[in-house]
Every structure is written in C-alpha cells, then in structure tokens.
Amino acid sequence: MNKPKVLVTRKWPAAIEEKLSKLYDVKLNKQDTPLSALELKAALQNYDAILATVTDRFTAEVLSVADRRTKIIANFGVGYDNIDIQAAKQYNLIVTNTPEVLTECTADLTMMLLLMSARRAAEGERLIRRRQWHGWSPTHQLGQKVSGKTLGLIGFGRIAQAVARRAHHGFGMQILFSDPFVPAQDIVEELQAQRCDTIDELLTEAHFVSLHCPGGKATRHLINERRLKLMRPTAHLINTARGDVVDSRALIKALQQQWIAGAGLDVYEGEPNIDQDLLALENVTLLPHLGSATEETRLAMGNRVLDNVTAFFAGQNPVDRVA
Ligand code: 8YV
C-alpha cells in the first residue's frame with residue numbers, strides 16, 4: 001500500500017522531520033517560506049494530510065477548493081484561529097492542535113514580558129546599545145514594582161493558570177480573572193483567584209493585564225479604545241495570545257498619550273508586519289512571537305502532531321481533535 005502523502009508547510013525540528021519521513025511520503029519545506037493561498041489550495045488537492053502552522057491561513061475560500069484530497073489538517077500550535085473551523089467541519093476535514101505541551105514555556109514568556117515591561121528592560125537595553133547611558137541616578141528610568149501587585153487575566157485556560165501560578169506563588173500577586181468558562185474550584189482556591197463579572201471591572205482593578213483568550217472573530221478588538229481608557233495610568237498590558245485581540249491603533253494611541261504605562265507584546269495584528277508607530281514608542285516591549293519557541297517545546301509540539309496524524313491514519317480519533 002502507498003504511504004499517505006503528507007505536507008509539512010514549514011521547517012520543523014529535524015528529529016520530527018526525520019520521524020515523519022520514515023512513516024510517510026513527506027514533502028518538507030527546507031526553505032521555510034510561508035505558503036500563499038494558492039499554494040495552500042494546491043496542497044489541499046495533493047496531500048492526504050497537511051501539517052500546518054499559524055502562518056497558514058486556511059480561510060473558508062481556501063478550504064472550498066474543488067477536488068480536495070486532504071482529510072486532516074494537523075496544526076503545530078495550540079491556537080487554530082488560522083483555520084476556519086466552521087468551513088473545515090462543513091467539508092469533513094479533521095483539524096487537530098497541540099495543547100498542554102507549550103503551556104509552561106508560554107507562561108514563562110508571559111512573565112518575562114510582564115517583568116520587562118514593568119521594569120522597562122528593553123528600553124534600558126536600547127539605551128546602552130545606543131551608548132546613551134551616562135551612569136546610575138536615583139531617578140533614572142523608574143518602572144513599576146511587580147511583587148504583590150494585582151494581575152488580571154483575560155481568559156483563564158491552561159496558559160493563564162500557569163501564569164497565575166508563577167505570579168501568585170513566585171511574586172505574591174493577587175489574581176483576577178475573566179472567562180466565560182468556570183475553572184476547577186481547586187485551581188481557584190490554590191491561586192486565591194477572584195473572578196470578575198466583567199472585563200471592564202478587571203481592567204479597572206488590575207495593575208497588570210495579560211491576555212489569554214483565543215483569537216478569532218469573537219475576540220477581535222476585545223481590547224479597544226474604550227477599554228484601554230479604563231486601565232490605570234500605571235498599568236501594563238501583556239499580549240501573548242493573538243494580535244487581533246487588541247485594536248493596535250487604539251493601543252498605539254494609549255501608549256503615545258500614556259493612558260497606560262506600557263505594553264509587552266509577542267503577537268501582532270497582521271504579523272510579521274509591525275505598525276511603524278509602534279516601533280517608534282519606547283514604552284512597548286516587542287518580541288517576535290516566541291511564546292513556545294524553546295527546543296524542548298517545539299520538539300514536544302512536533303511529537304504531538306505526529307501522534308495526532310498517526311492516530312488518524314490508524315483509523316482512530318486523534319486525541320487533540322478540534323474539528
Ligand atoms: C505557536 C502559538 O508556535 O501555539 C500557539 O498557538 O501561538 C505559538 O506558540 C504557533 O502558533 C505555531 O503555529
């Protein structure tokens with residue numbers, strides 16, 4: 001029997017590419033160039049499985065291509081807002097993601113951004129590189145204390161809970177959260193976390209706000225001009241979720257006019273294109289979507305995709321099925 005034809009849309013950790021090559025008739029992307037809509041359509045017509053990432057935009061239009069061969073899109077990532085799930089269901093396409101394995105590293109990076117933003121770390125680093133640091137001074141580049149402050153988490157799933165653990169047990173922070181789902185009581189108790197009835201209430205109260213909701217239509221521009229104005233002038237906004245959760249023009253205005261003290265961003269609307277006005281600001285820390293970018297986690301993500309695809313080709317239901 002012929003091996004299933006599998007496309008890996010981007011360059012993956014070598015060990016995973018090796019395993020895949022042994023099991024399937026695999027097409028790798030050694031150049032690592034993101035695929036265009038046209039290339040994704042051709043892929044849907046030519047491969048049994050597509051192993052995709054956040055940079056592959058499977059819109060309803062792309063998925064509607066005639067003569068589809070693909071049966072499964074196995075996404076390398078926990079977020080799958082790059083895939084129109086309704087359309088995928090309509091065409092009986094199975095979609096899987098990689099939850100759990102990237103929780104800890106993404107939570108670590110969230111804390112790093114929070115600390116960097118609060119303590120103006122990137123600004124200080126830039127200053128030194130520009131040779132503009134003229135020595136210690138009692139009032140130079142003062143930031144905000146983190147320990148003991150209140151952290152508001154919008155979305156209280158796995159990653160947010162891991163952030164809350166670090167913040168509460170490590171930094172003595174009080175945890176507020178807002179989420180339409182009710183979390184397990186033992187977690188709420190462990191973290192002494194308080195649910196806010198509304199996002200507005202959380203934004204008004206918190207010293208630091210971190211976003212952990214999924215991307216997509218339902219959360220697009222959840223943080224807008226009105227909501228940014230509710231935040232404390234000393235507050236920092238951290239986004240390691242998805243860029244379009246924040247109205248970036250409104251955020252730029254908030255940072256320029258100092259409605260808030262700073263922001264730490266790992267994700268962007270329309271990434272990797274970053275608004276010029278954002279680049280010009282000192283009170284924002286910018287990272288290039290590094291949430292899960294550790295050797296250990298990317299290997300674990302690859303293995304998780306492998307498990308999902310292997311289960312599918314063995315006629316089983318993949319464990320991380322989201323459509
Ligand atoms: C991934 C992420 O690396 O898993 C996610 O949702 O945001 C990242 O950590 C990226 O999405 C790759 O698909």
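I'll start with Glu 104, which forms a salt bridge with Arg 166; the closest N and O atoms are 2.6 Å apart. This pair links distant parts of the chain, with Glu 104 in helix H5, residues 103–118, and Arg 166 in helix H7, residues 158–171, 62 residues apart. Keep in mind that this is a predicted model.

How exposed are the two partners? Glu 104 has 46% relative accessibility and counts as partly exposed.

Next, the pair of Asp 275 and Arg 249. Their side chains meet in a salt bridge, at 2.7 Å from N to O. Asp 275 sits in the loop between strand S11 (262–265) and helix H12 (276–279), while Arg 249 is in helix H11 (residues 248–256), so the contact ties together parts 26 residues apart in sequence. Asp 275 is partly exposed at 26% relative accessibility, and Arg 249 is partly exposed with a relative accessible area of 45%.

Glu 61, at 48% relative accessibility, is partly exposed.

Which residues are linked in a network of salt bridges? Glu 100, Arg 304 and Asp 320 are.

As for the total, searching the whole structure gives 21 salt bridges.

Methods: Residues are numbered from 1 along each chain as its sequence is written. This is a predicted model: local features need pLDDT of at least 70, side-chain atom pairs count only at pLDDT 80 or more; totals for chains, interfaces and linings use all residues. Side-chain values use heavy atoms; hydrogens and water are left out. A salt bridge is a side-chain nitrogen of Lys or Arg within 4 Å of a carboxyl oxygen of Asp or Glu. Buried means under 20% relative accessible area, exposed over 50%, partly exposed in between (1.4 Å probe, protein chains only). Helices (H or I, at least four residues) and strands (E, at least two) are DSSP runs, numbered from the N terminus.
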